[in-house]
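Welcome, and thank you for taking a look at this one with me. Please open the sequence and the structure side by side before you read on.

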Amino acid sequence: MFDELKKRYPPDKFPACAAALDLGIDVTLLEANVRLTPAERMRSLMRQLGLQQRLQEANLSPAQLEAIELRYRQEKLDYYGPQPELDSDHA
Amino acid sequence: MPEQKSDELLRVLLDANVEFVVVGGIAAVAHGMDRSTKDLDVLLKMTAGNVARLLAALQPYHPKHLLRQDLGVIPIESSARLATFDFILLTTTIGRLDVLGTVEPVGRFADVEQVRLELFPGRSVAVLALEQLVAVKMASGRPRDLQDAHELRALLELSQAARPEFGDSD
């Protein structure tokens, strides 16, 4: 399968695709997405996201959901750094 | 934890004529990347008027600072101060929104190359150009973003190959 894909995206013609394949990226999925319209991609994302959230809510405890939320906020802090100081009127 | 309705948030911003460019994960998906992302990141034109439009549009959805929700709903009167921030992390009843004043290394709203993509039938949205999205992912340096950059480069190559001028004539 991998060899077939390497033939389909030869490095001389598709260097970025060949490099992506080497990293384990499924280039055939990208190729399928290119054929979709942006609106179709957006609809697909929202469907996936809705399903993911419903599955989480149905299968995880409140404590686990809270842990996910806290990790999300921590990742934001790590990425953006501290937020400017805000006082009670947000100013 | 609110349900993330990024599509609805984008429609709210469009309806209110907020000036913004979609960046980050949703921009990558709009260009064709295979990714499930909860993040909606927008590069905003950080003027007091534009931030006021944003906050006014979000008032029905009770916008709060993600990391200071104890402060309550952000009033529109905060716009002038918030327009001086580099970023504003919001949470609303229809999901979260990361509002950025600058995106490294491409810069501020006026500096970036944007393309208009029809994310909703009949409605186009300004999205960061694919080439600049690659640059942003590369600049981040996080392993996950570097992997994304490779995926976006492959996507760029496939998109170019799909255009008529790169067609299968050979």
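1. A word on the source to begin with. What you see is a predicted model, so please read every value here as computed from that model.

2. Let us start with chain A. Its secondary structure consists of 5 helices and 0 strands, and from the N terminus the order of elements is α-α-α-α-α. The radius of gyration of chain A is 21 Å, well over the 12 Å that the globule rule gives for 91 residues, so chain A is more spread out than a compact globule. Its C-alpha atoms fill a box of roughly 60 × 35 × 25 Å along the principal axes. Of the 91 residues in chain A, 14% are buried.

3. Chain B has both kinds of element, with 6 helices and 9 strands. Its radius of gyration is 17 Å, close to the 15 Å that the globule rule gives for 170 residues, so chain B is as compact as a globular protein of that length. Along the principal axes, its C-alpha trace spans about 60 × 35 × 30 Å. Buried residues account for 45% of the 170 residues of chain B. If you consider contacts in chain B between residues at least 6 apart in sequence, 60% of them join residues at least 24 apart.

4. Two packed helices are described by the angle between their axes and the distance between the axes. For α2(A), residues 15-22, and α6(B), the angle is about 145 degrees and the axes are 8 Å apart. Their crossing is left-handed. From α2(A) come Ala16(A), Cys17(A), Ala19(A) and Ala20(A), which meet His150(B), Glu151(B), Arg153(B), Ala154(B), Leu156(B), Glu157(B) and Leu158(B) of α6(B). By class, the contact of these two helices has 7 nonpolar, 1 polar and 3 charged residues.

5. Leaving aside neighbours within four places in sequence, Glu151(B) is in contact with Ala20(A), Ile25(A), Leu30(A) and Met33(B). For a sense of distance, Glu151(B) and Leu82(B) are 69 residues apart in sequence and 34 Å apart in space, C-alpha to C-alpha.

6. Now turn to the nonpolar core. In soluble globular proteins, nonpolar side chains tend to be buried together. The largest nonpolar core here has 61 residues, and the members that touch the most others are Val22(B), Val23(B) and Val42(B). Not counting residues up to four places away in sequence, Val23(B) touches Asp41(B), Val42(B), Leu43(B), Leu100(B), Val103(B), Leu128(B) and Val136(B).

7. Val21(B) is also worth a visit, in strand β1 (residues 20-23) of chain B. Val21(B) is buried, with 24 other C-beta atoms within 10 Å. Beyond four places in sequence, its contacts are Val42(B), Leu43(B), Phe109(B), Val112(B), Gln114(B), Ala126(B), Val127(B) and Leu128(B).

8. In α2(B), 7 of its 8 residues are buried, among them Ile26(B), Val29(B) and His31(B). Just after α2(B), Gly32(B) takes a positive phi of about 125 degrees. In α3(B), residues 48-58, the buried residues include Val51(B), Arg53(B) and Leu54(B). The cover over the buried residues of α3(B) includes α1 (6-15), β2 (41-44), α4 (79-82) and β4 of chain B.

Notes: Residues numbered from 1 in each chain as written. Chains lettered and ligands numbered in written order. Predicted model: local features only at pLDDT ≥ 70, side-chain atom pairs only at ≥ 80, totals over all residues. Core = buried A, V, L, I, M, F, W, Y, C linked by C-beta atoms within 7 Å. Buried ≥ 20, exposed ≤ 12 C-beta atoms within 10 Å, placed from the backbone. Contact = placed C-beta atoms within 7 Å. Helix = DSSP H or I, 4+ residues; strand = E, 2+ residues; numbered from the N terminus. Rg over C-alpha atoms; globule rule 2.2 N^0.38 Å. Axes fitted to C-alpha atoms, helices over the stretch in contact; angles between N-to-C directions. Left-handed = near helix turned anticlockwise from the far one by under 90°. Nonpolar A, V, L, I, M, F, W, Y, C, P; charged D, E, K, R; others polar.
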